[in-house]
Amino acid sequence: MSENSLDLDDGNDDLRAVGDAVSGIERRASVSRLSQGDEASVEELNRAGARHFAKGDFAAAIHFFKLAAIDLSAVGAQANLGRCEIRMGQFDEAAARARSLVFADAHQWTGWQLLGEALAAKGLHAEAIEAYRRATTLAPEQAVTHRQLGVSLGHCLLLDEACEAFARALDLNPEDEGSRYQLVINKRHVCDWDGLDGLSEQLKSRVAAGIALVSPIDLLSEDASASLQLACATRQAERLHEDARKKTVHWERSSHRPSSGRLRIGFVSAGFGQHPTAILTSALFEQLRNSPVEAHLFSTGAEPVSKARERLMAAAYRFHQVSKLTPQTLAQRIRAEQIELLVDLDGYSRACWPMVYAYRPAPVQIAWLGYPGTTGARYIDYVIADRFVLPPSLAAYFSEQPAYLSRCYQSNDPTRIVPVPQSRQDYGLPVDAVVFACFNGTFKLGRRSLDRMFKALKGVPGSVLWMLEGPGKSSLRLREMARGADIDPARLVFTPKLPHSQYLGLYRHADLFLDTEGYNAHTTASDALWGGCPVLTRPGNTFASRVAGSLNHHLGMPELNVGSDDEFVAFAIRYGNVREWRDALKQKLALQCDVSGLFDVKGFAADFADLLARIAKHHRSGGRASNFLQ
């Protein structure tokens, strides 16, 4: 930036050092003198403003930046004013300020960068991209602008270009943890594994050292240990708790008291619509209508009403549309409903509001289903699980007390229709050859998983690997990897994503689902099994790597859970080459779906309601989560 401006980007480490510099300035020039502007330089005023900006006191920061901006040449002070306006939600004002800077001097990059920030804040990322590109052309050495460009490119699903922007930002500033983090995420989504292993190790080491702040859900794809996942989640939870402490919530006078009748349970999710959460829970909530449980569904998602949402609205005791509430007002709403047990269905998923639970709106708070790991939060008391997906050896890396179901922790919907799909030829599949499938998201893939799949293809002549089309150039890269492994790229068949009701029918053409390592199939595994396709998996040492294994275990088909990569490949090859064994295993799967209880939603609802009742009884008697016995 110009000499009279400061980089105020929230993710820039330079800002964290501003406080020390400003302390020295304010020892030489009192705040009162700076307030009058007497003999204070533009740089001093800017730095004083930056100090308040760093503390989140944007009104005070504006005061100093306005004083600095009295100097008409202080373009940076004007830009800093705009950044304060953005933080205060005054997006239009910031955009107008940016456009005036651009109009005054279209060759000054500062105005273009501010315009990009203002447009991005309004959600106009396509327009923001053009502004950021102008800024990077005028000042290619500014790492932060490349990072901001990458973020907007990502919002527009231009992930390959986003990778280029983040890589450039990291080249310019190797200590830019935000760009490193985003580069890892985006490269994984587009299957650009060139240099990814090294970047992933750097990211994990920085998370372990407390240097990098990473959303816990993104760490699940990085082959992180359970202990590192706990450390990452704990750090995130502590930040949320600290933020909540700064914002007082005024509760209504009515205190928590157990209802005289049914148990009041709140379920909070952004997924009460066209989402895997709804797919897994709709039938459960329908069953709970006739149970001792009042299921209050708090929907934080803003999607329009759909058939999936209408089904949930009909199933719930009460459906609360709360997408327009702040975390504080949502907490007040939950407390006003006298919810006794509050269930978080999202965890650290990208669309959730985890700060709500930090306000402790319910006396007992529980994590379940949506996030396959620990929240690391002292304000989440229990996690609902089963002993396969969360064995005692792994429970040590969970901050929550496990509340175990005797069946698989994942609910399912046995009312779903598996449609008759189009012919194999319509999907580009061979008529008679074996079809291996993996419909997991590309971010779950990795070299180890793909190597197993390629070995299976080589061992079963004529077989193909069927996958969903991923973002960017991911499909092209996967085919190139096949070519590099001496496999005809045409043996990788891609199909576009379909509505769930149509997608389920694809499994009628799939012979065996080959699961991914580290972060395996969850709802997708349930889909495959219900669609009649066995799921081959290798359960690992984290919750996210044991979900498919839990489904197989409770299905009564433990033979689909193998202990090593060699066993995985050997199983897939034998399955593909021995038709009699393949037919027998599929027949067993069909039988087990009927008799095992995995898809018995009535039984699941009874066990689930009983577990919640026992948790509530334990709490009412003064028991703590830590001494909840099962």
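Me: Which element gives the most to the lining of the second largest pocket?

Reply: Please bear in mind that this is a predicted model. To read a lining, one asks which elements supply its residues. Here helix α13 gives the most, with 5 residues. The elements that contribute two or more residues to this lining are α13 and α21 (447-459).

Me: What volume does the second largest pocket have, and how many residues line it?

Reply: Its volume is about 540 Å³, and 28 residues line the pocket. Nearest its centre lie Ser-221, Glu-222, Asp-223, Glu-517 and Gly-518.

Me: How do the residues of that lining divide into nonpolar, polar and charged?

Reply: The lining of the second largest pocket has 11 polar, 11 charged and 6 nonpolar residues.

Me: At what angle do the axes of α12 and α13 cross?

Reply: To read a helix pair, one considers the approach of the axes and then their angle. Helix α12 (residues 177-189) and helix α13 (residues 196-208) have axes that come within 10 Å and cross at roughly 135°. Angles over 145 degrees would count as roughly antiparallel, so at roughly 135° α12 is oblique to α13. The crossing of these two helices is left-handed.

Me: Which residues make the contact between α12 and α13?

Reply: From α12 come Glu-177, Arg-180, Tyr-181, Leu-183, Val-184, Lys-187 and Arg-188. From α13 come Leu-196, Leu-199, Ser-200, Gln-202, Leu-203 and Arg-206. By class, the contact of α12 with α13 comprises 6 nonpolar, 5 charged and 2 polar residues.

How values were computed: Residues are numbered from 1 along each chain as its sequence is written. This is a predicted model: local features need pLDDT of at least 70, side-chain atom pairs count only at pLDDT 80 or more; totals for chains, interfaces and linings use all residues. Side-chain values use heavy atoms; hydrogens and water are left out. Axes are lines fitted to C-alpha atoms, for helices over the stretch in contact, and angles run from 0 to 180 degrees between N-to-C directions. Helices (H or I, at least four residues) and strands (E, at least two) are DSSP runs, numbered from the N terminus. Angles under 35 degrees count as roughly parallel, over 145 as roughly antiparallel, 65 to 115 as roughly perpendicular and the rest as oblique. A crossing is left-handed if the near helix is turned anticlockwise from the far one by less than a right angle, and right-handed if clockwise. Contact means heavy atoms within 4.5 Å. Ala, Val, Leu, Ile, Met, Phe, Trp, Tyr, Cys and Pro count as nonpolar, Asp, Glu, Lys and Arg as charged, and the others, Gly among them, as polar. On a 1 Å grid over the protein atoms alone, a cavity is a set of points where a 1.4 Å probe fits but cannot get out, and a pocket is an open set with protein on both sides within 12 Å along at least five of seven lines; lining residues have an atom within 4 Å of a point. Grid points are joined across faces, edges and corners, and a volume is the space filled by probe spheres set on the points.
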